[in-house]
Amino acid sequence: MSATRRWALTLPLPTLPLRDHEDTIRRAEAAGYTDLWSGETQGPDGFTPLILASQWTTDMRLGTGVVGVFTRGPALLAQQAASLADAAGGRFALGIGASSDRIVAGWNDTLFERPLSKVSATVDFLRMAFAGERTQTGFKLEQPPAEPIPIILAALRGKMLRLAVEKGDGAFSNFLPLSGVERVTAELEDAPEGFELACRFFCIPGPREQAEPLARFMFASYTTVPVYEKFFRWLGHGEAIDEMVERWAEKDRDGAMAAAPWELISETFIFGEPEAMRERLEAYVERGITLPVLTPVTTPDRQAELVEALAP
């Protein structure tokens with residue numbers, strides 16, 4: 001695992017328009033954040049916020065956390081990555097993943113099959129393209145990256161985590177309960193020196209009564225996505241989520257939220273005042289997370305304040 005201490009922020013910040021990010025990003029860099037990692041679900045794509053950030057920062061590393069391999073062709077993915085690496089002066093890491101069946105098949109009407117093989121083949125393609133070689137499909141980057149681009153694989157369970165060790169420079173987890181960290185790190189025992197384990201954390205300030213409604217909705221909507229349902233079952237929480245999953249499938253959203261197990265919710269989210277939130281994040285670091293990626297969930301007028309309060 002990497003010995004370098006890193007601390008990351010998610011882009012885009014929830015509810016904050018892209019055009020209004022510059023001040024908060026500059027303040028985050030001044031406060032000691034080392035990285036900005038984008039998300040890609042229903043908001044902006046994974047590259048645009050980082051392109052903007054490349055012009056608003058001087059030293060922060062920029063990473064896609066993550067972009068999907070089913071919804072972009074590998075040549076386009078190589079082009080976008082090389083372009084962003086160029087714009088950022090080499091301060092770029094490419095996080096890729098299979099995404100989920102809901103996003104790929106449901107929203108994008110694209111076949112979602114053999115995700116492990118698809119990710120593996122995409123890594124092979126990208127390694128060749130970034131090296132300036134002609135790929136098996138005949139594609140060759142007009143201008144390959146001047147510096148190597150690390151490839152980080154979104155990986156929740158065993159086979160994808162082991163693929164990250166075999167072919168990647170790191171793994172990116174998400175929605176991980178504290179008690180599940182050792183289950184993940186056990187799959188990374190053979191990881192080479194410098195291998196990173198990133199994880200995104202949703203940070204909701206305030207006491208339980210203030211945070212609980214949003215946390216219950218987010219937990220129920222995330223954990224009922226098939227890939228995350230399998231993840232929580234792999235972690236040993238199948239019985240705890242059974243009723244919630246069943247009610248969600250019946251489109252009983254209120255019932256699913258009520259059935260969401262609070263013990264797991266409180267293990268997965270970062271709650272409380274900033275000092276308590278940082279202590280909770282440190283507990284993850286002590287167990288093996290090398291790159292916490294923070295998503296501060298608050299109102300736009302308090303985003304910058306919370307970002308600075310959670311700085312390393």
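Student: Which residue in β7 is the bridge partner of Ala-154?
Tutor: Phe-172 in β7 is the bridge partner of Ala-154. Before going on, note that this is a predicted model, where local features need pLDDT of at least 70, side-chain atom pairs count only at pLDDT 80 or more, and totals for chains, interfaces and linings use all residues. Residues are numbered from 1 along each chain as its sequence is written, and side-chain values use heavy atoms, with hydrogens and water left out.

Student: How many bridges join β6 to β7?
Tutor: Three, and strands β6 (residues 151-154) and β7 run parallel. Two strands pair if DSSP finds at least two bridges between them. Strands here are DSSP runs of E with at least two residues, helices are runs of H or I with at least four, and both are numbered from the N terminus. Leu-153 stands opposite Ala-171 in β7. The chain crosses from β6 through helix α6 (residues 158-167) to β7, in a right-handed β-α-β crossover. Right-handed means that, with the strands pointing away from the viewer, the path from the first strand over the helix to the second runs clockwise.

Student: What does β6 pair with besides that?
Tutor: Strand β5 (residues 92-97) pairs with β6 in the parallel sense, over three bridges. There, Leu-94 has Ile-151 in β6 as its bridge partner.

Student: And how many bridges join β7 to β8?
Tutor: Five bridges join β7 to strand β8 (residues 196-205), and these strands run parallel. Gly-170 stands opposite Glu-196 in β8.

Student: Is β7 mostly covered or exposed?
Tutor: Mostly covered. Five of the five residues in β7 (residues 170-174) are buried. Buried means under 20% relative accessible area, exposed over 50%, and partly exposed in between, using a 1.4 Å probe and protein chains only.

Student: Which residues of β7 point which way?
Tutor: Gly-170, Phe-172 and Asn-174 point one way, Ala-171 and Ser-173 the other way. In a regular strand the side chains alternate between the two faces of the sheet.

Student: What does Asn-174 touch?
Tutor: Leaving aside neighbours within four places in sequence, Asn-174 is in contact with Leu-156, Cys-199, Arg-200, Phe-202, Tyr-222, Tyr-228 and Phe-231. Contact means heavy atoms within 4.5 Å. The side chains of Asn-174 and Tyr-228 are also joined by a polar contact of 2.8 Å. A polar contact is a pair of N or O atoms within 3.5 Å; within protein, one must be able to donate a hydrogen and the other to accept it, and residues adjacent in sequence count only if both atoms are side-chain atoms.

Student: Why does Asn-174 count as buried?
Tutor: Because its relative accessibility is 7%.

Student: Switching to aromatics. How many pairs are there?
Tutor: The count comes to 18 aromatic pairs. Rings of Phe, Tyr and Trp (its six-membered ring) pair if their centres lie within 6.5 Å; planes under 30 degrees apart count as stacked, over 60 as edge-to-face and the rest as tilted. One of the pairs is Phe-175 with Phe-202, edge-to-face at 5.9 Å centre to centre, with 70° between the planes. This pair links distant parts of the chain, 27 residues apart: Phe-175 is in the loop between β7 and α7 (181-185), Phe-202 in strand β8. Phe-175 counts as buried because its relative accessibility is 2%. Phe-202 is buried too, with a relative accessible area of 10%.

Student: And Phe-175 with Tyr-228, how do they sit?
Tutor: Edge-to-face, at 6.3 Å centre to centre and 75° between the planes. Tyr-228 is in helix α9 (residues 226-234), 53 residues apart from Phe-175. Tyr-228 is buried, with a relative accessible area of 14%.

Student: Which aromatic cluster holds Phe-175?
Tutor: One whose members include Phe-202, Tyr-228, Trp-234, Trp-262 and Phe-271.

Student: What lies over the face of Trp-248?
Tutor: Arg-253, at 4.0 Å from the ring centre. A charge sits over a ring if NZ of Lys or CZ of Arg is within 6 Å of the ring centre and within 35 degrees of the ring normal.

Student: Last one. Where is Ser-38?
Tutor: Ser-38 is in strand β2 (residues 35-38). At 0% relative accessibility, Ser-38 counts as buried. Contacts of Ser-38 beyond four places in sequence include Leu-11, Gly-46 and Arg-200.
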